[in-house]
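Me: Can you walk me through this one? I want the overall layout, then the holes, then a few residues.

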Amino acid sequence: KYFKYIIYHTPFAGITFQAHRTLTRNFAPKKKPELQDDFDKRVFPALRYARRVGSCYAGSNFAGLASVIIGDPSLKEGDRLGFFAYGSGAIGEFYSATICKGAFDVVKAMKIDEHLDARRKVTVAEYEAVEKLRDKNIENGDWVPDFSILDNWYDKHYKGSGLLVLKDVKDYYRNYERA
(Lines give C-alpha, C1' and ligand atoms only; values in the text may rest on other atoms or scores of the structure.)
Protein backbone atom coordinates (compact mmCIF):
# COMPACT_ATOMS: atom_id res chain seq x y z
CA LYS A 1 0.00 0.00 0.00
CA TYR A 2 2.98 2.27 0.60
CA PHE A 3 4.24 2.26 -3.01
CA LYS A 4 2.36 3.51 -6.06
CA TYR A 5 4.56 1.28 -8.26
CA ILE A 6 7.09 -1.46 -7.58
CA ILE A 7 9.94 -1.73 -10.06
CA TYR A 8 11.94 -4.94 -10.25
CA HIS A 9 15.27 -5.75 -11.83
CA THR A 10 14.14 -7.30 -15.11
CA PRO A 11 16.48 -9.75 -16.85
CA PHE A 12 13.33 -10.74 -18.75
CA ALA A 13 9.84 -9.40 -18.23
CA GLY A 14 8.28 -12.72 -17.18
CA ILE A 15 10.39 -13.00 -14.06
CA THR A 16 8.82 -9.93 -12.49
CA PHE A 17 5.59 -11.74 -11.62
CA GLN A 18 7.60 -14.36 -9.75
CA ALA A 19 9.53 -11.65 -7.91
CA HIS A 20 6.30 -9.86 -7.01
CA ARG A 21 4.69 -13.08 -5.80
CA THR A 22 7.69 -13.82 -3.58
CA LEU A 23 7.79 -10.32 -2.16
CA THR A 24 4.07 -10.20 -1.42
CA ARG A 25 4.13 -13.72 0.02
CA ASN A 26 6.68 -12.54 2.57
CA PHE A 27 5.18 -9.14 3.43
CA ALA A 28 1.53 -8.93 2.27
CA PRO A 29 0.13 -12.36 1.29
CA LYS A 30 -2.53 -12.30 -1.41
CA LYS A 31 -4.66 -14.87 -3.18
CA LYS A 32 -3.76 -15.34 -6.85
CA PRO A 33 -6.53 -13.11 -8.35
CA GLU A 34 -5.66 -10.31 -5.91
CA LEU A 35 -1.95 -10.81 -6.60
CA GLN A 36 -2.55 -10.65 -10.37
CA ASP A 37 -4.58 -7.46 -9.98
CA ASP A 38 -1.86 -5.88 -7.81
CA PHE A 39 0.80 -6.92 -10.34
CA ASP A 40 -1.22 -5.48 -13.25
CA LYS A 41 -1.63 -2.14 -11.46
CA ARG A 42 1.73 -1.64 -9.72
CA VAL A 43 4.31 -3.70 -11.62
CA PHE A 44 3.23 -4.24 -15.23
CA PRO A 45 3.44 -0.51 -16.14
CA ALA A 46 7.16 -0.64 -15.26
CA LEU A 47 7.69 -3.22 -18.01
CA ARG A 48 6.94 -0.84 -20.89
CA TYR A 49 10.58 -0.60 -22.01
CA ALA A 50 11.73 -4.02 -20.76
CA ARG A 51 9.18 -5.62 -23.09
CA ARG A 52 10.63 -3.67 -26.02
CA VAL A 53 14.33 -3.90 -25.20
CA GLY A 54 14.93 -7.04 -23.18
CA SER A 55 17.51 -7.09 -20.46
CA CYS A 56 19.61 -4.03 -19.89
CA TYR A 57 21.13 -5.57 -16.77
CA ALA A 58 21.80 -3.00 -14.04
CA GLY A 59 19.90 -0.38 -16.01
CA SER A 60 16.63 -2.31 -15.82
CA ASN A 61 15.47 -0.49 -12.68
CA PHE A 62 15.99 2.82 -14.48
CA ALA A 63 14.20 1.55 -17.59
CA GLY A 64 11.32 0.62 -15.27
CA LEU A 65 11.41 4.04 -13.68
CA ALA A 66 11.28 5.74 -17.08
CA SER A 67 8.43 3.37 -18.05
CA VAL A 68 6.19 4.39 -15.16
CA ILE A 69 7.01 8.08 -15.44
CA ILE A 70 6.25 8.29 -19.16
CA GLY A 71 3.32 5.88 -18.89
CA ASP A 72 1.54 7.62 -16.04
CA PRO A 73 1.39 11.41 -16.40
CA SER A 74 -0.76 11.46 -13.25
CA LEU A 75 2.33 10.69 -11.16
CA LYS A 76 2.96 13.65 -8.94
CA GLU A 77 5.77 15.02 -6.87
CA GLY A 78 6.14 12.91 -3.75
CA ASP A 79 4.60 9.69 -5.10
CA ARG A 80 6.66 6.82 -3.69
CA LEU A 81 8.07 3.96 -5.77
CA GLY A 82 9.64 0.73 -4.55
CA PHE A 83 12.66 -0.83 -6.28
CA PHE A 84 14.03 -4.33 -5.96
CA ALA A 85 17.48 -4.84 -7.43
CA TYR A 86 19.42 -8.08 -7.40
CA GLY A 87 22.24 -9.69 -9.29
CA SER A 88 23.73 -13.11 -9.94
CA GLY A 89 21.57 -14.60 -7.22
CA ALA A 90 24.11 -13.40 -4.69
CA ILE A 91 22.66 -10.16 -3.36
CA GLY A 92 19.53 -8.09 -3.47
CA GLU A 93 18.30 -4.84 -2.09
CA PHE A 94 14.97 -3.12 -1.78
CA TYR A 95 14.92 0.65 -1.78
CA SER A 96 12.44 3.41 -2.40
CA ALA A 97 12.35 6.76 -4.15
CA THR A 98 9.95 9.60 -4.56
CA ILE A 99 8.99 11.34 -7.77
CA CYS A 100 10.56 14.77 -7.96
CA LYS A 101 9.22 17.86 -9.66
CA GLY A 102 9.83 17.84 -13.41
CA ALA A 103 10.41 14.08 -13.69
CA PHE A 104 7.90 13.69 -16.52
CA ASP A 105 9.54 16.48 -18.54
CA VAL A 106 13.01 14.97 -18.08
CA VAL A 107 11.92 11.51 -19.25
CA LYS A 108 9.83 12.91 -22.10
CA ALA A 109 12.86 14.88 -23.35
CA MET A 110 14.83 11.61 -23.63
CA LYS A 111 12.49 10.54 -26.47
CA ILE A 112 12.89 6.89 -25.52
CA ASP A 113 9.91 5.69 -27.56
CA GLU A 114 11.12 7.57 -30.63
CA HIS A 115 14.59 6.05 -30.32
CA LEU A 116 13.15 2.57 -29.91
CA ASP A 117 10.85 3.09 -32.89
CA ALA A 118 13.88 4.08 -35.00
CA ARG A 119 15.74 0.83 -34.35
CA ARG A 120 16.84 -1.16 -37.36
CA LYS A 121 15.56 -4.69 -37.81
CA VAL A 122 18.35 -7.06 -38.73
CA THR A 123 18.22 -10.30 -40.59
CA VAL A 124 19.26 -13.52 -38.92
CA ALA A 125 22.47 -13.48 -40.99
CA GLU A 126 23.27 -9.91 -39.88
CA TYR A 127 22.59 -10.77 -36.25
CA GLU A 128 24.83 -13.83 -36.44
CA ALA A 129 27.61 -11.78 -38.07
CA VAL A 130 27.42 -9.17 -35.29
CA GLU A 131 27.43 -11.91 -32.64
CA LYS A 132 30.52 -13.49 -34.20
CA LEU A 133 32.28 -10.12 -34.06
CA ARG A 134 31.21 -9.70 -30.43
CA ASP A 135 32.42 -13.18 -29.50
CA LYS A 136 35.72 -12.56 -31.24
CA ASN A 137 36.34 -9.21 -29.55
CA ILE A 138 34.58 -9.29 -26.18
CA GLU A 139 37.72 -10.24 -24.23
CA ASN A 140 40.12 -7.99 -26.16
CA GLY A 141 41.85 -5.45 -23.94
CA ASP A 142 42.38 -3.18 -26.91
CA TRP A 143 39.70 -2.86 -29.56
CA VAL A 144 38.10 -0.34 -31.90
CA PRO A 145 34.54 -0.93 -33.17
CA ASP A 146 33.98 -1.35 -36.90
CA PHE A 147 31.39 1.32 -37.71
CA SER A 148 31.08 0.16 -41.31
CA ILE A 149 29.13 -3.00 -40.44
CA LEU A 150 25.45 -3.38 -41.27
CA ASP A 151 25.80 -1.30 -44.42
CA ASN A 152 27.29 1.72 -42.59
CA TRP A 153 24.41 1.92 -40.15
CA TYR A 154 26.51 4.13 -37.84
CA ASP A 155 27.10 6.79 -40.51
CA LYS A 156 23.47 6.72 -41.60
CA HIS A 157 21.83 6.87 -38.19
CA TYR A 158 24.25 7.73 -35.40
CA LYS A 159 26.94 10.05 -36.75
CA GLY A 160 26.23 13.59 -35.60
CA SER A 161 23.27 12.48 -33.44
CA GLY A 162 24.92 13.37 -30.13
CA LEU A 163 24.18 9.90 -28.77
CA LEU A 164 26.82 8.25 -26.59
CA VAL A 165 28.68 5.45 -28.41
CA LEU A 166 31.65 3.22 -27.67
CA LYS A 167 34.78 4.82 -29.16
CA ASP A 168 37.28 2.11 -28.25
CA VAL A 169 38.66 -0.15 -25.55
CA LYS A 170 42.21 0.48 -24.25
CA ASP A 171 43.73 -1.68 -21.54
CA TYR A 172 40.22 -3.08 -20.92
CA TYR A 173 38.93 0.44 -20.24
CA ARG A 174 35.95 1.45 -22.35
CA ASN A 175 35.98 4.95 -23.82
CA TYR A 176 32.79 6.56 -25.02
CA GLU A 177 32.10 9.69 -27.00
CA ARG A 178 29.17 11.54 -28.49
CA ALA A 179 28.40 10.51 -32.06
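Predicted model: local features only at pLDDT ≥ 70, side-chain atom pairs only at ≥ 80, totals over all residues.

Me: How many helices and strands are in the protein chain?
Reply: The protein chain has 8 helices and 5 strands. Helices (H or I, at least four residues) and strands (E, at least two) are DSSP runs, numbered from the N terminus.

Me: In what order do the elements run from the N terminus?
Reply: The order is β-α-α-α-α-β-β-α-α-α-α-β-β.

Me: What box do the C-alpha atoms fill?
Reply: Roughly 55 × 35 × 30 Å, along the principal axes.

Me: And what share of the residues is buried?
Reply: Of the 179 residues in the protein chain, 29% are buried. Buried means under 20% relative accessible area, exposed over 50%, and partly exposed in between (1.4 Å probe, protein chains only).

Me: On to the holes. How much space lies in the largest pocket?
Reply: About 2300 Å³. Val130, Tyr158, Leu164, Val165 and Leu166 are the closest to its centre, out of 40 lining residues. On a 1 Å grid over the protein atoms alone, a pocket is an open set of points with protein on both sides within 12 Å along at least five of seven lines, while a cavity is a set where a 1.4 Å probe fits but cannot get out; lining residues have an atom within 4 Å of a point. Grid points are joined across faces, edges and corners, and a volume is the space filled by probe spheres set on the points.

Me: Which element gives the most to that lining of the largest pocket?
Reply: Helix α7, with 6 residues. The elements that each supply at least two residues are α6 (112–117), α7 (124–137), α8 (149–157), β4 (164–170) and β5 (173–178).

Me: How does the lining of the largest pocket divide into nonpolar, polar and charged?
Reply: Into 28 nonpolar, 5 polar and 7 charged residues. Ala, Val, Leu, Ile, Met, Phe, Trp, Tyr, Cys and Pro count as nonpolar, Asp, Glu, Lys and Arg as charged, and the others, Gly among them, as polar.

Me: What volume does the second largest pocket have?
Reply: About 270 Å³. It has 14 lining residues, and Lys1, Ile6, Thr24, Ala28 and Arg42 are the closest to its centre. Helices α1 (15–27) and α2 (32–42) give two or more residues each. The largest share, 4 residues, comes from α1.

Me: How much space lies in the largest cavity?
Reply: About 50 Å³. The count is 1 cavity of 30 Å³ or more. Its lining includes Tyr8, Thr10, Cys56 and Ser60. By class, that lining has 6 nonpolar, 4 polar and no charged residues.

Me: Now His9. Is His9 buried or exposed?
Reply: His9 counts as buried because its relative accessibility is 12%. His9 sits in the loop between β1 (5–8) and α1.

Me: Which side chain makes a polar contact with His9?
Reply: That of Ser60, at 3.1 Å. A polar contact is a pair of N or O atoms within 3.5 Å; within protein, one must be able to donate a hydrogen and the other to accept it, and residues adjacent in sequence count only if both atoms are side-chain atoms.

Me: Where is Glu177?
Reply: In strand β5. Glu177 is partly exposed, at 33% relative accessible area. Leaving aside neighbours within four places in sequence, Glu177 is in contact (heavy atoms within 4.5 Å) with Leu163, Leu164, Val165 and Lys167.

Me: What is phi for Asp171?
Reply: Near 50 degrees, a positive value in a residue other than glycine. Most residues other than glycine have a negative phi. Asp171 lies in the loop between β4 and β5 and counts as exposed at 65% relative accessibility.

Methods. Residues numbered from 1 in each chain as written. Heavy atoms only, no water.
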